[in-house]
Each structure stands twice: as structure tokens, then as C-alpha cells.
Amino acid sequence: MAGPGTWSLTRAALIILLLPRSLEECGRISSSTSIVRLGDAITASCIINQNCSHLGPESQILWKLGAELQPGGRQQHLLDGTQISTITLPHINSPWTLLSCCLLWGDSLQILDQVELQAGYPPSTPHNLSCLMNLTTNSLTCQWEPGPDTHLSTNFTLKSFKSRGKCQIHEEAIPDCIPKDGQSRCSIPRKHLQLYQTMGIWVQAENALGTSVSSQLCLDPMDVVKLEPPTLWGLDPIPEVAPPQPGCLLLRWESWKLSAYIEQKCELRYQPQLGEDSWALVGPLPSRTLQYELCGLLPSTAYTLQMRCIRWPLPGHWSDWSPSLELSTPQQAPIVKLDTWWRQRQLDPRTVDVQLFWKPMPLEEERDQIQGYLVSWRPSGQAGAVLPLCNTTELNCTFHLPSVVREVVLVAYNTAGTSHPTPVVFLESRGPPLGRLHTIALDPQSLWVGWEPPRPQPRGYVIEWSPGTTGPSSSHKSWKMEHNGSIAGTLLQENIRPFQLYEITVTPLYQDTMGPSQVIYAYSQEMAPSHAPELHLKHIGKTWAQLEWVPQAPELGKSPLTHYTIFWTNAQGQSFSTVLNASSHGFVLHGLEPASLYHVHLMAASQAGATNSTSLTLMTLALEVSELQILLGLFGLLILFTCLCGAARFCCRPRKNPLWPNVPDPAHSSLGSWVPTIMAEEVFQLPSLWDPSMPPITKITVLEEEEKKPGPWESSDSSGTRGLPTLVQAYVLQGDPRAPSIQPQSQPGTSDQVLYGRVLGSPTHPGPGHYIRCDSTQPLLGGLTPSPKSYENLWFQTSPVRTPEPLVPNQEDECVFGPLLDFPLLQGLQVHGMDGLGGF
């Protein structure tokens, strides 16, 4: 077997021949082997002799594997001037490649020598060895499976020897059989065989990496004989001898001539040409008979038949299947039951027009057995006379009959004969009717028809259906017969289409009569409305519009309306809608803008879908001049009323007396940051204000904001003087007392007043009275100012006789007397004893 590198060796030889004569004999490659196992390593050496004139002391030897430079070459200089470069290639991963030794000559590489490297696998063991004795070629042919590809040239040899018994003794070697290239079979000629004697056979595979042999096969060549297939043909039956049997085929075959002396058996297989039926097997068939009648087939059906044979009872192999034989079974008379139904129409008192329908119900599996139908009747009084009414291949027939005829006969026929006659009796309608006929659409291609069975129970029902536009005498009606009289409905699936109105008729059949037919109309699926009513504008105003429409009449095949939806859109693109019931025929749009444009359309919806009407564009009315004047007047009155309310609120709020000094409010000034220097537990015992020896003072009391009313006056001892509050506090200013306050002032008129002074006069010492603040909301001064003069406020003026009015405190006063040290204006003063108060 030629190796894959034959052409590459030729190329290498051409390259070497084209080398300069001075470099041709410079070097040669020596390798450990040229064929290795795929993936193994290989070592090679390139020897350059001393006679190479182009080899200098600094010459470099390089290696190439295929087209790639290989690093790792070790270069040595021997004493005699010879140079050796050795390289080890760790892995050879290509089944075939070239290893080149090159010399760097100028700027190019000059190849000095090349060797071919092959890599592959040892041969695997051949398996599945089998042999057949072919009597046609008179040779023993054996075949095997060689196993996976070795990538190397592998030779197979079929070896054999003659033996006795079970091939344990070698008697005579048989010449080896060498198969052709690429084949896995080989034939041993008859001259090297000895029939009825055992022989051992095996296969040997060999390549450069090893040898393997298959398991040994021990056989007798006659035990593996494979016969040639027989010749098969059909026989025509002889009607005089034996009439053809329906569903049977008569076959005959002939064995191969060279195997006529061998006992054998055969098998027959057949399948119908039409359809996807699998092969049916019949056998074993005795070879001596050479004739067989195959029955149980379908009448008038084409079949494909094949036959094969085997040596029997001795061992052997089945022959191939014979060429196909195609035969057809003869016809048989139709075996069928016919369901019939009819319609009658009186033409004149003596003649009726009859339209007869039938459906064949095969009792056995058949294939196109019926070739036609024949309707006939037998006149009374004419023995043996049969008058044909119609002969047709259709499933209906129309004919005329005398009114007195109540029965006709229907038969199906073909070339083999006729079926059993089916009598058709024209019954009168005298039975009870059905109750509550109704329909349900299960899907667009079917309709369920239901009813209440009458009493007595019928023997069956006839159901007819056709499109609602079909005439009563049309032959295109679909119909079916239900033979079970106890059922209360049936499913219609034949010739049912959506969006089509169907007229359905149900007739009960009794033993000797029939009931009246009941009719109902139904759809398997209804369509959405084809169009919506057209909108009309009836009236329009400035902020409303009245619309109306005329509801459409119900349409056949259209689902009834369920509701309307009105949509309207303004010029700004805002959309609005409302839903109305199906009985509405008008609607008023409210809340529209005056002098505005609107687009309106109506949508009519049903369970099957919805459709829109054409769009209606309308413009609301604009406001009149008088209405604009009224609106502007009302707007002006509203503005005037708002201004008056604001002025009244401004004028009616409390204001301070213009003659009162501008005194800052201590509660919202820097005085609020002062803290007491005397603890709350310290109580000052002061003498009574009415003591004659005490200089006239003014009592000042500071109350907190939450103390709206001071406590009642407490009586003193039996001297008749009145006591003062026992809690007295002195205050020390933290920071600069003259700094202005940043606290917000309280609004006038509020109840949060700071009671901090009242003017008092002494009843025993005439002169101008002193004052304390007690109920003013005026803010205190930013600095420490003296008391106001008597002319600054009329409240301080004395009586006309210059006698000050005694101001004696009472229990209803809102001020409470206290020590002078409580007055906020004097908290910044350092008071040392009561003597410091005399000059106040």
C-alpha cells in the first residue's frame, strides 16, 4: 500500500537535485527511525563533512519540521573539521512530515538534506470475521471489520488451513488471500477448498509499528452456503376448475438451478402498495410444492410480494429477497349497510316527487368496492318484474313514483356482484314530536344540537343541516342518522363554517312511523357589527351638545350589540368617553368649553368585536356680550368685596394710644436675658405700705406670661395693714442692658399681656403720684429712661383741686403690689437697703 508521503519524497528529491553541486554533498541527516508512534519523540543528527567549502567557522545549522523552524539544535565541531547538529523532537503530532537540515547562507536558508517522518498507530485487532459459501462464484468469501485508521500503510492477509475436528490439528496450509487495496473482504477459490471438511480461518493485520491477528473461525464451507433467491410469479385462477376467491392470490416460484439438489425452505412477505403498512411474513413454505395460495387479503387491492430461501434442515444462510412481484386481489361483491333518508313532494294526486339520500356504512374494511348504486321498485301484480328508477354513482337520486307506492329497493354493486338489497319504506308522520330543540356553538367548525327525547322512545333520529339560503329541495344538504333513540343530542362537524347561518332539522324515527320535523337556525360563530350607527347633532349650547343616532337593525350572522361607547376629544388633544347600554339612541355631552371645537365618534360593541362610526366635528356656541358684561360685573364686585373686608380688618384691629410713651415690651426685649440674683427660697419681710414713717414708694410687680391673674390679697396682722406677696426676686442684667431686643413683639389685642406696673399715690403725702406699669402692651424703651412727666398722659392728671385721688388697691385689681426691686427698669440698679428708695 503506497504511503501518504510518496509525492513529498519526490519533491524532496527534486529539491536536492536543484541544490548547487558545492552544497549537494555537504551534509546528510541520520535519524533513529523514520516511522514513530503518533505523539512519540524522535532524535535526528545532521553531519556536515570538512570538505564543505561554504561552511565557515561561524556557520549556523538550523532545523525545520515542515515549514516551521525548530529550536533546540546542539551544534558540535569535531577535531577533523566535521560539524554535527543534533535535535530531539519531543512530539510528532502529524501523520506525515518532512524534517530538513538547513544552513544559514547569507540572508536565506539553504536545505542540506531532508528525511520523511511518519507517525501512526499499530494495527488494531480485526473483528466480526464471517464467511459465506457462494455457489454462484463457487468460492468462500470472508469479510471483516479492520478497526480504526492507523495513519500508516497496513496490510491485511486472510490466512487459513485445512483441519479435522474442531480445527485443533493443522493438516495443510491454504495459500494466503490478499484483499485489494481498501477492501475488507477476500475470496478463497474452490480449488483450495475441500467441501464437508472443517478449516480454520483468521485475519492478520501488519504495519511498520506491529502486527495483530483476529480470532480464529472454524467452519465447514457447506455450513455457510448462501443460496440464490428464487424466481416468483403469480398464477391466474381457472374459473372452470376453481373460481377466484375474493381476497386471495395464487403464487408459484422456482428455485435456483444450482441449488435444486439442496433441501431448503422459503419465506414469503407482502405489503399493500398504498399506505404505510409494514411487511407481513408468511412461512416456512416447503420448496417441493413450488405453489401457494395466499388468502386473507383485502379485495381489489394491489400488493407487493418477495420470497427468500435457506438450506434446511442443514445449516446455511438466508438468500437475498427475490425481486418484487406486484399483484392485485380480485373484487368481491360489496358488503355494506346503507343508511337512507328521503323527501317527498306531491306533484299531482297520482304522482309524488321523491328525493332519496343514502350513506354507505361498510361492514368490512374495503377499498373502492362500490362502483355504483341502483334504485328500483317492484310493481304490484307483476311477478318478477323489477323497474329501475335510477342508476348512479352519487349518494342521492330523484325520481317520480305513483302515490300508492310505499317502498323501493336500493343496492350497491361492482363487477363481482351486488350487495344485499336495502328496502326504503316511506313512512307517514304520525309520531310524537321532539321537545325543546336547541343548539350550542362549541367552536367555529362544529355545532351541538340538543333536544328532549319524546315518549315513547324513538328508534333513531335524522338530522339535516344546510346554509340558511339553501332551498328546501336542494341536494346539497348534509345529513346524518343516529340509530340510538335514547340520546338527547349530537355533534355536527361536517360542512360547518363560521359566520354562516345554518338551518337544522331534526326528525324522530319510530318503528312504523316518524314524528314531525323540528327546525332551528344557528351560527357556529358570529361576526362583529359591520358598521356603527351614524352620529347626528340634535342641539348644541355653550357648554353642552345633544347627540342622537338611529340603532341598526339586527343582521344575520352578526352578534347582537352589548353596549355603545362615545368618545370626544377637544382641540388640546384631551379625550373623554362614556359607556351606554345597547338600548340607548342619544346622549348629551356636558362640561364643554364655549366656542371650542370637538371631535366625536361612536363605537358599537358586541361579544364578537367592535366597530367605530364616522367622526362628527362640532363647535360649541360662544358667550354673548351681555353675558360677558354680567361676568365682568360679578368679578368686579368680588374684587371690591375683598378690598372692603381687608380695610375693615385693618381698621378694627386694636391700636396703641398715640399719647402713650413708646416704651419697649420687656418680655420681648433684652430684659428677658436677665436672671435673678436671689434664690426663690429667700423671702423679704417688708413693712406695710401704709406705715406713716415709710417714705412714699411705688410697688412694682413683674408677673410671668402664664400668670394671667394675680392671687388674692392676703390680710396682715391686726394692725390693719395688708400683706404683700412673699416671693420677691431681684434681677441682674446679663450683658448690656441697653442692647436692643431681638425677640418679636406680641401682636396687639392678644391675651398674652405682660402686667408689669401701675401708678400709685400715697394718701398721707400730697404731691404728684408715682406709677407702676400693670396692663400696658407698649414695648419698653431700649435704655433706662426716667418716669414720664405728669403732662405726658392725662391718666396722671390730678383732680381740679390738686388733690390726688387715692388709689387703694382692691381684690379685683389685675396688679399685685410687690417690692420696688421687682420693677424691671430698676433691675440694673444696685439697691443697698430700704434707704436707697427714699429719693425715688
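Strand Pairs, Rings and Buried Residues

Q: What makes strands β43 and β44 a pair in this predicted model?
A: Strand β43 (residues 561–570) and strand β44 (residues 575–581) are joined in the antiparallel sense over seven bridges. Two strands pair if there are at least two bridges between them, so β43 and β44 count as a pair. Within this arrangement, Thr569 stands opposite Ser575 in β44.

Q: Which residue in the hairpin of β43 and β44 takes a positive phi?
A: Four residues lie between the strands of this hairpin, and Gly573 takes a positive phi near 85°.

Q: How do you know that strands β15 and β16 pair?
A: Strand β15 (residues 199–207) and strand β16 (residues 210–213) share four bridges in the antiparallel sense. The requirement is at least two bridges, so β15 and β16 qualify as a pair. Glu206 has Thr211 in β16 as its bridge partner, and two residues lie between the strands of the hairpin.

Q: Why is the pair of Tyr270 and Tyr303 called edge-to-face?
A: A search of the whole structure finds nine aromatic pairs. In the pair of Tyr270 and Tyr303, the ring centres are 6.0 Å apart and the planes stand at 70°. Centres within 6.5 Å make a pair, and planes over 60 degrees apart make it edge-to-face; the pair of Tyr270 and Tyr303 therefore meets both conditions.

Q: What does the pair of Tyr270 and Tyr303 tie together?
A: Tyr270 lies in strand β21 (residues 264–272) and Tyr303 in strand β24 (residues 302–311), so the pair ties together parts that are 33 residues apart in sequence. Both Tyr270 and Tyr303 are buried.

Q: Why is the pair of Trp342 and Phe426 called edge-to-face?
A: The ring centres of Trp342 and Phe426 are 5.6 Å apart, with planes at 75°. Because the limits are within 6.5 Å for the centres and over 60 degrees for the planes, this pair counts as edge-to-face. The pair links distant parts of the chain, 84 residues apart: Trp342 is in strand β26 (residues 336–348), and Phe426 is in the loop between β33 (422–425) and β34 (435–443). Trp341, Trp342 and Phe426 form one aromatic cluster.

Q: Are Trp342 and Phe426 buried or exposed?
A: Trp342 has 9% relative accessibility, and Phe426 has 3%. Buried means under 20%, so Trp342 counts as buried, and so does Phe426.

Q: What makes the charged end of Arg269 count as near enough to sit over the ring of Trp321?
A: The charged end of Arg269 is 4.2 Å from the centre of the ring of Trp321, and the distance limit is within 6 Å. The charged end of Arg308 likewise sits over the ring of Trp318, 4.4 Å from its centre.

Q: Why does Trp465 count as buried?
A: The relative accessibility of Trp465 is 3%, and the limit for a buried residue is under 20%, so Trp465 counts as buried. Trp465 is placed in strand β36 (residues 460–467). Leaving aside neighbours within four places in sequence, the residues in contact with Trp465 include Lys477, Trp479, Leu492, Glu494 and Tyr502.

Q: Which backbone oxygen lies 2.9 Å from a polar atom of the side chain of Trp465?
A: The backbone oxygen of Glu494 lies at that distance from the side chain of Trp465.

Definitions and conventions. Residues numbered from 1 in each chain as written. Predicted model: local features only at pLDDT ≥ 70, side-chain atom pairs only at ≥ 80, totals over all residues. Heavy atoms only, no water. Phe/Tyr/Trp six-rings, centres within 6.5 Å; stacked < 30°, edge-to-face > 60°. Buried < 20%, exposed > 50% of the residue type's maximum accessible area, 1.4 Å probe, protein only. Lys NZ or Arg CZ within 6 Å of the ring centre and 35° of its normal. Contact = heavy atoms within 4.5 Å. Polar contact = N/O pair within 3.5 Å; in protein donor to acceptor, adjacent residues only side chain to side chain.
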